[in-house]
Amino acid sequence: MDAVKKQPSYLVIANVIKDKIAKKEIKPGQKLPSLRTVAKNYSVSLNTVKSAYEHLVSLGLIIGVERSGYIVDAMQPPFFAWFEKASISQKNDRISAEKAWAWYRSYVYEAEQDTLAVIWPHPSLMPNKALANIHSGLLKSYGEKMSTYSHPSGLKGLREAISNHLATRHFYCNAENIQITYGCMHAIELALLSVAKAGDEIIVLTPCFPGYIAVFNNLGFKPVEIPLISQKINLEAFEKTFKKTEVKAAILSSVVHNPTGLSFSEEEKKAIAKLAAKYEKPVIEDDIFGDLHFSEATVKPIASYPNDDYVIYCSSFSKTLAPGERIGWCIGGMWHKKIADRFASSLFTVNSRSQYILAHYLSSSAWPRHLRKLRAVLFKRSNLIRKLILEYFPQGTQVCLPSGGYVLWIELPESNGGSKLWKEAMKHGIYVLPGLTCSATPSYKNAIRVSLSYDESKEAHIKTHIKKLAHLATQSN
Ligand SMILES: Cc1ncc(COP(=O)(O)O)c(C=O)c1O
């Protein structure tokens, strides 16, 4: 009792909750008692309880969710049995890259917008009307400027607006160090080409966004896959692989990873930034979903931690504002000049009109309001669809509890259950992403990914699709 008394009250409370989470007395996804209830139970102030909860947030154990309080963070280990079983692939396994991408393309481009396969934010989720209004207003004052070339690095106003936005996430970067690109994938491609050459090995955490496999394939890079274990990065395996001479870089998302929706803890992000500096090698951070973390708290990217400029930051507005504008950016750290020169010598500059529109939108109060609303919609959908899956899919199915974003990653009990379900569902006009496309090796056949980027008015239709998927999965189980 004496020892406990010596601890500050917030730590005592945090440790009690931590213990309950470890013992599964409070389960992943479960809501924690309100600040008021805990304050009353422990006879402490609301601020003390808030500090306790924030401490648990910093440990990656719980997340704060807008208007919902705090919940136990994504999956507590062991969540993905197959992650545990998966061995770390140190080989240059490019086995099914072409095949995976061909599959993806074959149905993605044919599917309707309400497909469960892709994360193309439905137009109803994007502030299209506001952007159109800005456009007509700008035509009067900037009409001519909008149809001429902009600066090769991008419109200054847009770069400043991005710099201000990143500062809200404690990532401080001058506008001069931002290169505007044609979307996030373009930023990643520029980064990869500036730090490595065909034949080089690049670390990728799997399951991964299938676009990485496609780009690696196009550019001739060899993926070295490190499976995420119990939704966490295996730092030991990461360092062991990262320090190898053949490995020239790593690419990863630390906030809302696609396809699992997981986010790294503060400690993990700090450690990766440190490793980049220690081995003087680039970590390419894809932060495209970084603004869509369900938490109220500021979620920092790896690039915001000390890294001696070895972290290259890539992102875009494709998931938050307007995928069709194709506006992204790259903050290249040590390689920034090389990246900017490469861009200027080929594409020279990005669409001026889109840059003007987005710069104006980002400088308005509508932008943070829109983000808050989008996060709330996605959080609601993610809970709704996840609950349906858990209710209707065969026993033994596991669904990741995402920390943000647009997707749910589903692991079926059968070893090739995901691939079977994907094929069977297509026959019924239902499109999902097969887990197999999320690796260059024949892994993740048991998994599928479903998207939450649908039109709100089609929710009933989506729910029917989920139940149909469950039925098909149960039949073939
Ligand atoms: C993780 C990730 N990175 C990059 C992209 C591509 O972004 P953009 O459309 O801005 O090129 C996507 C698209 O889904 C993605 O999921």
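Reply: The shell around the ligand

The shell around the ligand divides into 6 nonpolar, 7 polar and 1 charged residues. Here Ala, Val, Leu, Ile, Met, Phe, Trp, Tyr, Cys and Pro count as nonpolar, Asp, Glu, Lys and Arg as charged, and the others, Gly among them, as polar. The model is predicted, so local features need pLDDT of at least 70 and side-chain atom pairs count only at pLDDT 80 or more, while totals for chains, interfaces and linings use all residues. Residues are numbered from 1 along each chain as its sequence is written.

The ligand is surrounded by 14 residues, a residue being near a molecule if its C-beta atom, placed from the backbone, lies within 6 Å of it. The closest are Gly183, Cys184, Met185, Ser316 and Ser318. Helix α9, residues 183–195, contributes the most to this shell, with 3 residues; helices (H or I, at least four residues) and strands (E, at least two) are DSSP runs, numbered from the N terminus.

Ser316 also belongs to strand β8, residues 311–316. In β8, 6 of 6 residues are buried, that is, have 20 or more other C-beta atoms, placed from the backbone, within 10 Å of their own. Ser316 points the same way from β8 as Ile312 and Cys314, whereas Val311, Tyr313 and Ser315 point the other way. Strand β7 (residues 283–286) pairs with β8 in the parallel sense over 4 bridges, and Glu285 stands opposite Tyr313. Strand β9 (residues 328–331) pairs with β8 in the antiparallel sense, also over 4 bridges, and Gly328 is the bridge partner of Ser316. Two strands pair if DSSP finds at least two bridges between them.

Ile178 lies in the loop between α8 (156–167) and β3 (179–181). Why is Ile178 classed as buried? It is buried because 25 other C-beta atoms lie within 10 Å. Leaving aside neighbours within four places in sequence, its contacts (C-beta atoms, placed from the backbone, within 7 Å) include Cys173, Trp329 and Ile331.

Notes. A residue is buried if 20 or more other C-beta atoms lie within 10 Å of its own, exposed if 12 or fewer, and partly exposed in between; C-beta atoms are placed from the backbone. Two residues are in contact if their C-beta atoms, placed from the backbone, lie within 7 Å.
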